[in-house]
Amino acid sequence: MFSDEFNGASLDTTKWAVDVSTTTRAARPTHGISDWWWKAANVSLNGSNLVLDVIKYDSNTMYCGSVSSDGLYEPRYGYFEARIQASDTTKD
């Protein structure tokens, strides 16, 4: 069983890896984004919430937070439950 309530002082690195991109991720031309990066600074905990910030750096650059469980937890079968709240990400 795998569970994380994100209620520690920092991200549990036995369960999660913070993703950091060394090159730009896939462009999102329909959203006006041609330069998109995963940044460690955009990953944080707030109370019992994992926060993955998205920051519009300039007119076509976006910095995002990302975590994964690659190499730490990779189930072959089962089901997942998550409570996720996504904020409006409309590009202004």
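A pocket here is an open set of points on a 1 Å grid over the protein atoms alone, where a 1.4 Å probe fits and protein lies on both sides within 12 Å along at least five of seven lines; lining residues have an atom within 4 Å of a point. The model is predicted, so to speak of local features takes a pLDDT of at least 70 and side-chain atom pairs count only at pLDDT 80 or more, while totals for chains, interfaces and linings use all residues. Residues are numbered from 1 along each chain as its sequence is written, and side-chain values use heavy atoms, with hydrogens and water left out.

The largest pocket comes out at about 1900 Å³, a volume being the space filled by probe spheres set on the grid points, which are joined across faces, edges and corners. Its lining takes in 41 residues, and L50, L52, R83, I84 and Q85 are the ones nearest the centre. By class, 21 are nonpolar, 11 polar and 9 charged; Ala, Val, Leu, Ile, Met, Phe, Trp, Tyr, Cys and Pro count as nonpolar, Asp, Glu, Lys and Arg as charged, and the others, Gly among them, as polar. Strands (DSSP runs of E, at least two residues, numbered from the N terminus) take part too: β4 (49-52), β5 (54-58) and β6 (61-64) each supply at least two lining residues. The top contributor is β4, with 4 residues.

Two of these strands turn up again in an open sheet of 3 strands, ordered β2-β6-β5 with mixed pairing. At its edges sit β2 (35-38) and β5, each pairing on one side only. Strands pair if DSSP finds at least two bridges between them; β2 and β6 run parallel and are joined by 4. Within that pairing, W36 stands opposite M62.

As for the aromatics, the whole structure holds 5 aromatic pairs, meaning Phe, Tyr or Trp rings (six-membered for Trp) with centres within 6.5 Å, stacked if the planes are under 30 degrees apart, edge-to-face if over 60 and tilted otherwise. F2 lies before β1 and Y73 after β7 (67-68), so the pair ties together parts 71 residues apart in sequence. Ring pairs link F2, F6, W16 and Y73 into a cluster.
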